Amino acid sequence: MGYRKLGRKADQRKAILRGMVTALLQHGRIVTTETRAKEIQSITEKLIAKAVKEADNYTTKQVKVSRVPENAKGGRQTTVVTSKNGNKFTKFVDREVTTELARVDNPSRLAARRLIMEWVYDVETVDSEGKATKVVNKLFDEIAPEYKSKNRKGGYTRIYKTDARRGDAAPMAIIELV
């Protein structure tokens with residue numbers, strides 16, 4: 001049978017579904033029509049399953065990081081320098097090189113991340129602490145480990161049917177992450 005066409009051309013249909021899958025992963029629940037919810041559910045289940053499979057597939061290693069020192073206001077740190085002829089001017093402080101532990105994806109996790117990025121728009125989400133993270137990173141760092149720790153083998157989303165939409169009486173549904 002395949003998939004639902006949703007009364008749209010292929011490019012429009014894919015754009016709608018990408019937007020809704022992104023919104024579902026970003027917010028945890030969305031309201032849409034029943035048929036769209038069923039399509040979103042099948043796509044999202046596959047993406048989450050792929051992320052859960054690759055949740056712990058990374059290594060950590062020492063990486064050199066070059067940073068510009070910041071002042072108290074968050075801007076670049078400067079110093080006052082005097083030239084040969086006595087003129088004073090401000091100069092940016094040189095970059096400082098440090099080493100720190102960084103997480104590096106293994107090849108299969110990287111491939112999974114790239115496949116998921118085909119279905120998820122590059123959108124940032126802000127968590128309760130005010131920290132911005134991309135939706136793909138949220139999927140791999142927050143959502144997938146949670147499902148893996150619960151030892152869940154599917155059924156990552158749930159659909160609730162609601163009243164018909166006012167205006168065209170389309171059957172509506174709420175889809176959410178379990």
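Arg29 has Glu176 in β9 as its bridge partner. The model is predicted, so local features need pLDDT of at least 70 and side-chain atom pairs count only at pLDDT 80 or more, while totals for chains, interfaces and linings use all residues. Residues are numbered from 1 along each chain as its sequence is written, and side-chain values use heavy atoms, with hydrogens and water left out.

**Sheet**
- β1 is joined by 5 bridges to β9 (residues 171-177), and the two run antiparallel; strands are DSSP runs (E, at least two residues), as helices are (H or I, at least four), numbered from the N terminus.
- The open sheet has 3 strands in the order β1-β9-β8, with antiparallel pairing (at least two DSSP bridges between two strands).
- β1 (29-33) and β8 (157-164) are at the edges with a single partner strand each, so one side of each lacks a neighbour in the sheet.
- From one strand to the next, the twist averages 25°.

**Helix on the sheet**
- α1 lies across β1, β8 and β9 and runs at about 150° to β1 (axes are lines fitted to C-alpha atoms, for helices over the stretch in contact, with angles from 0 to 180 degrees between N-to-C directions; contact means heavy atoms within 4.5 Å).

**Largest pocket**
- The largest pocket holds about 260 Å³ of space (an open set of points on a 1 Å grid over the protein atoms alone, where a 1.4 Å probe fits, with protein on both sides within 12 Å along at least five of seven lines; lining residues have an atom within 4 Å of a point; the volume is the space filled by probe spheres set on the points, which are joined across faces, edges and corners).
- Of its 13 lining residues, Leu17, Glu39, Ile43, Lys46 and Trp119 are the closest to the centre.
- α2 gives the largest share of the lining, 6 residues.
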